[in-house]
Each structure stands twice: as structure tokens, then as C-alpha cells.
Amino acid sequence: MTIALVDCESFYASCERVFRPDLKNKPIVVLSNNDGCVIAFSKEAKKMGISMGVPWFRVKKSFLKQKGQVFSSNFTFYGDMSARVMNILEGFVPKIEIYSIDEAFLDLDTLKQNYNLYDFGCHIRSIVKQWTGIPVRIGIAPNKTLSKIAINEIKRKNIPTSVLQLIDDKEIKNALTNTPVQKVWGVGKKLNDHLNSAGIYTALDLAKVNPQNIRKKFSVVLERTVRELRGEKCLAIDDITSFKKQIIVSRSFGRKISSLEALQPIVNNFAVRAAEKLRNEKQKCSQVSVFIKTSSFNKNKAQHAGLRTVEMFGPTDDTRDILSATKKGLLPIFKSGYAYAKAGVILNKFSSQKIKQCSLFEEFDNLKEDSKLMKYIDYMNAYETQIYFASQNTKELSPMKQSMTSQKYTTSWYELPKVN
Amino acid sequence: MKVDYIGKISEENLPAIFVPYFLESVHAGFPSPASDYIESPIDLNKHLIKNGAATFLVRAQGQSMVGSGIADQAVLIVDRSIKPSHNSIVVATLDGEFVCKRLKLKPKMCLMPDNPNYPPIFINNGQELEIVGTVTAAINKF
């Protein structure tokens with residue numbers, strides 16, 4: 001088994017650079033929705049001390065003073081560039097798993113007899129760079145977890161070709177020694193603390209633990225990680241584009257909310273957005289969950305958290321059904337006297353849109369009309385004006401505050417890049 | 001008529017029956033005699049774009065390439081996967097800007113405008129020229 005992980009180098013920043021040749025070698029940062037914090041940065045910006053997630057207001061002054069270029073996030077553009085990169089990768093191998101907007105696992109098994117995999121990696125890298133302008137790193141290893149380690153090694157050692165093949169045991173061992181356990185795929189902050197207190201600091205320490213003990217003390221998931229660090233292959237390439245199995249729309253509030261009159265319309269906004277996403281995925285759901293919680297940062301104040309799941313009569317993608325289920329879920333969990341900080345709506349139990357379950361007495365003809373209504377609403381919301389449901393809070397839906405977005409270079413006829 | 005209330009059916013215990021339904025309605029009447037001869041309309045993308053992942057559209061500014069049929073504001077189709085050769089029309093970056101010119105590799109490499117009013121651009125030492133892609137077509141709107 002041999003896997004390659006293709007990882008786009010500071011993807012959002014690289015995208016911004018493709019149509020701005022004047023930004024070559026210049027520091028670039030990209031901000032989150034509402035321009036809150038830094039979510040991507042070029043290596044020049046990293047050298048200036050910019051780190052992931054840092055609030056923009058904190059670094060703004062010094063960054064701009066040093067002639068850095070800042071962008072609001074332009075996901076329309078990044079999404080199109082990502083699709084191009086993935087499309088090219090799909091042409092190289094029979095099996096690929098698109099793991100995120102800027103990462104994909106490639107199955108190299110069928111190629112390994114006929115190709116030098118390192119050269120193959122270099123070839124992929126140069127093609128992607130030439131065809132799209134996006135630079136990628138490629139880590140080749142016996143399994144997914146080690147391919148992630150290979151990518152880390154490319155970053156750590158600043159390998160100029162950006163391609164690394166981890167094959168022989170000595171090389172793998174060396175890489176594991178240099179990888180802090182928190183950088184191992186699937187090990188988060190919390191788990192890292194646990195492992196540290198058990199004397200496990202590097203990926204090599206983790207690889208040396210008996211997997212069965214890990215399963216007992218931690219989880220099956222971490223056991224798989226340990227096995228993969230030891231060179232076994234536990235995680236397959238998931239080449240079937242896996243449909244989402246759950247849609248969550250949830251947000252922390254800007255200010256705490258105590259009354260049901262204020263809370264309900266906001267939760268309804270989440271329900272409406274979730275239903276939109278559901279239709280966009282061409283799915284129907286049969287279960288809606290609602291949750292609300294107070295702030296866990298405010299330890300002195302009274303705490304309350306509630307979650308209620310409502311079963312639908314049949315699979316639906318109709319916003320009105322989801323709104324009524326949301327109401328059914330919210331009412332029993334709401335308790336007055338608490339300052340709520342966060343709420344969310346979760347859609348579960350998906351089935352495809354073409355299947356419709358009817359109740360015995362439902363008018364069959366109504367179905368078509370209803371799905372048309374939702375289609376019209378989605379269409380109008382996308383292209384014309386905003387349609388709200390009566391139970392929504394329309395004030396909280398003001399457009400995102402984003403002032404520094406680049407053009408839709410690749411998706412809008414009116415915003416094409418200009419050449420002289 | 002008199003009805004007795006027997007009880008509520010639990011929604012959870014109902015067996016799920018999936019009924020497929022048809023999106024298209026059936027019309028009765030004489031079928032169109034052309035129905036066997038319908039072909040899909042011409043798709044410009046299919047004819048003008050060979051490699052979608054590597055193809056970008058850009059808008060030309062100015063008169064420097066009118067001789068090649070590229071008017072001001074023309075939309076150019078640029079294929080980054082086609083290696084340019086002598087006389088190809090290319091999009092390149094020069095001093096941090098995109099330019100569209102004809103690439104000449106001999107007698108001396110230069111970017112040649114297609115308008116006698118514009119001089120050829122020779123690449124000086126220290127100047128960085130990067131060919132982005134080859135222009136495969138231009139769309140001029142009248």
C-alpha cells in the first residue's frame with residue numbers, strides 16, 4: 001500500500017497570488033468571515049510572526065506597515081481553484097479521496113510497479129503548478145497517517161522540491177522522532193495533554209506504545225493511529241464521494257440572549273440556513289435536533305444546556321417542516337432565567353431527494369408543488385432578493401462585513417483578470 | 001356517519017414505504033415528428049476549451065494586438081497546459097503585470113505586439129518574464 005497526500009501550500013494565499021503577479025514573494029494574509037481573524041497566510045507573512053487564528057486587529061497595524069497585502073476570504077474563487085486542482089489529480093490516479101478544500105489522498109498502489117514514485121510526485125507537482133498556478137506539497141508513505149507526517153517533514157525541513165517519500169524504516173523513525181505528538185493526525189490539544197502526562201511527547205513515543213493498551217486507555221481511533229505510525233495500513237482511501245451525513249448550523253451570539261421571544265427567531269434562522277444547505281446537497285432529512293447552551297466561560301453564572309431531537313414523519317427538505325420541528329425541539333429545552341450564548345440546529349438521517357415517503361392520506365399531487373416552492377425560494381435568495389420566513393429574525397441577517405475581497409476571477413464574466 | 005376514535009398510531013412504529021414518483025408528466029397526442037432527430041445545441045465550451053482545469057478567461061485591454069484580431073475588451077481563452085512555441089500568442093507576467101503578446105523565440109526572444117504603433121518588448125537582464133499560458137482563442141463582442 002502506498003499513499004500520496006497532496007497538500008496545497010498556503011492555499012488561500014496562493015489563490016490570491018495566481019491573478020496578482022505583483023504579489024509574488026509579498027506577505028499575504030486572508031481573513032475569516034467578517035474579517036475577524038487570520039485564517040491563511042503566505043510564508044512571507046509567517047516570517048513576520050503571523051500565526052493561525054490570530055485576531056486581525058492585533059496584527060493589522062504592523063502587518064500593513066510592512067507592506068503586507070490583506071484579503072477578505074473569497075470562497076467562490078477558492079472553491080473554483082480547488083476544483084481545478086482536484087480535477088487534475090483525478091486524471092493521474094484511479095483512486096482519490098478529496099479530504100478538504102486543499103488536500104487529497106491518492107492511491108499509488110497500481111502505479112508503484114511501473115513508476116518511480118518520487119519522480120511521479122515531482123511530475124504531479126509541476127503539472128498542478130503549471131496548469132493552475134497553485135504550488136503543492138506531496139508526501140508519499142505507506143499509509144495516510146504517515147503521509148501526513150511526510151507533509152510535516154517537508155514543512156519542517158523546508159525541502160525545496162516539496163516532495164518527500166517516506167519508505168525505509170530509518171527515515172520513518174527519524175521523521176517520527178522529530179514530530180511532536182500533537183502534530184500527529186487526529187491528536188488534538190486535549191489528547192495531547194493526556195499523552196504528555198503519560199510520558200508520550202513525540203510521534204515515535206506514541207508508535208512504541210502497545211496498540212492494545214492504547215485502545216483500553218484511550219480509543220479505537222487512537223489505536224488505529226498507533227498502528228499506522230508503525231507502518232500498518234488501517235485507513236482506506238474513501239473514493240466514493242461520501243455524502244454528508246449531518247448538517248449543523250450553529251453560532252455563538254454576539255450578546256447573550258435570555259428570552260424565548262429573542263431566541264426563537266435566531267434559532268429559526270439556523271433552521272432556514274440548514275434547510276437550504278440540505279437542498280443544496282440534494283438530500284432529505286428525517287430528524288431535526290435543536291440545542292442551546294449558556295457560556296462555559298462564565299463559570300459564576302447559572303449554567304444550562306439542552307438538546308432535543310425531533311423525528312419527522314418522513315424524509316423532508318421543506319423549510320416549513322424543519323421550522324416546525326425546530327419549534328417542537330426548542331420549546332421543551334428552553335428554561336427562562338439563563339443567559340444563552342450559543343444555539344444550533346442539526347439535521348440527521350438523510351435520504352436522497354428522489355425518494356418520498358407518503359402518509360396514507362397525503363395528497364400525492366401536493367408534493368411536486370411544494371418542492372417547486374422551495375426551489376423558487378432558493379433561486380430568488382441566490383439571484384434576486386432575500387425571502388424570509390415569517391418566524392425568522394431578519395435583523396441578525398445583515399450581510400457579512402467584508403471589505404477586502406478579491407474579484408471572482410474565474411467565475412464571473414464581469415470580473416475577469418485584465419491583461420495589457 | 002358515526003366514527004369511533006380508536007387511538008393514535010405511533011409515528012415511530014410505522015414501516016417506511018418508499019414510493020418512487022415521476023418528475024415528468026406524460027402528454028397524450030401526436031408525438032413531434034422531429035423527436036428522433038433532435039441533437040443537443042452547439043456548446044461553445046466543448047469547441048473552445050480542451051482542458052477545463054487549466055483554462056482561464058482574461059480580458060484584453062488596449063490596441064496592441066489588434067493585428068491578431070484581439071480588440072480592446074476582447075475575452076481571451078488561455079490554456080496554461082499548452083506549451084507555447086515561436087509565434088504563439090501568450091499571456092505572460094512581466095514586472096508584476098499580465099501582458100498578452102506574440103512570443104518570438106528567434107532571432108532574439110521578445111514579446112511582439114501586433115500593431116505597428118507598439119514596439120517589441122525585449123527582456124532585459126534582471127527582468128523576470130514568466131509565461132502563464134497560450135491564448136487559444138479571442139472573443140470580440142461587436
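The model is predicted: local features need pLDDT of at least 70, side-chain atom pairs count only at pLDDT 80 or more, and totals for chains, interfaces and linings use all residues. Residues are numbered from 1 along each chain as its sequence is written, while chains are lettered from A and ligands numbered from 1 in the order in which they are written.

**Helices H1 and H4 of chain A**

- In chain A, the axes of helix H1 (residues 11-18) and helix H4 (residues 75-90) come within 10 Å and cross at roughly 95°; helices are DSSP runs of H or I with at least four residues, and strands are runs of E with at least two.
- H1(A) and H4(A) are therefore roughly perpendicular to each other, a term for angles of 65 to 115 degrees.
- On the H1(A) side, A:Phe11, A:Tyr12 and A:Cys15 meet A:Phe77, A:Tyr78 and A:Met81 of H4(A); contact requires C-beta atoms, placed from the backbone, within 7 Å.
- The residues of this contact comprise six nonpolar, no polar and no charged; Ala, Val, Leu, Ile, Met, Phe, Trp, Tyr, Cys and Pro count as nonpolar, Asp, Glu, Lys and Arg as charged, and the others, Gly among them, as polar.

**Nonpolar cores**

- The largest nonpolar core has 91 residues, of which A:Val29, A:Leu106, B:Val91 and B:Cys100 touch the most other members; such a core is a set of buried Ala, Val, Leu, Ile, Met, Phe, Trp, Tyr and Cys residues joined through C-beta atoms within 7 Å.
- H4(A) provides the largest share of this core, six residues.
- Both domain 1 (6-76) and domain 2 (78-229) of chain A give residues to this core, so it lies between them; the domain bounds come from an automatic or database domain assignment.
- Leaving aside residues up to four places away in sequence, B:Cys100 touches residues including A:Val419, B:Ala60, B:Met65 and B:Val135.
- A second, separate core of 27 residues includes A:Val267, A:Cys285, A:Val288 and A:Ile292.

**Residue A:Thr76**

- A:Thr76 touches A:Lys408 and A:Thr411, not counting residues up to four places away in sequence.
- The C-alpha atoms of A:Thr76 and A:Ala382 are separated by 13 Å, although these residues are 306 residues apart along the chain.

**Chain B**

- Chain B has one helix and eight strands, in the order β-α-β-β-β-β-β-β-β from the N terminus.
- Of the 142 residues in chain B, 20% are buried.

How values were computed: Axes fitted to C-alpha atoms, helices over the stretch in contact; angles between N-to-C directions. Parallel < 35°, antiparallel > 145°, perpendicular 65-115°, else oblique. Contact = placed C-beta atoms within 7 Å. Buried ≥ 20, exposed ≤ 12 C-beta atoms within 10 Å, placed from the backbone.
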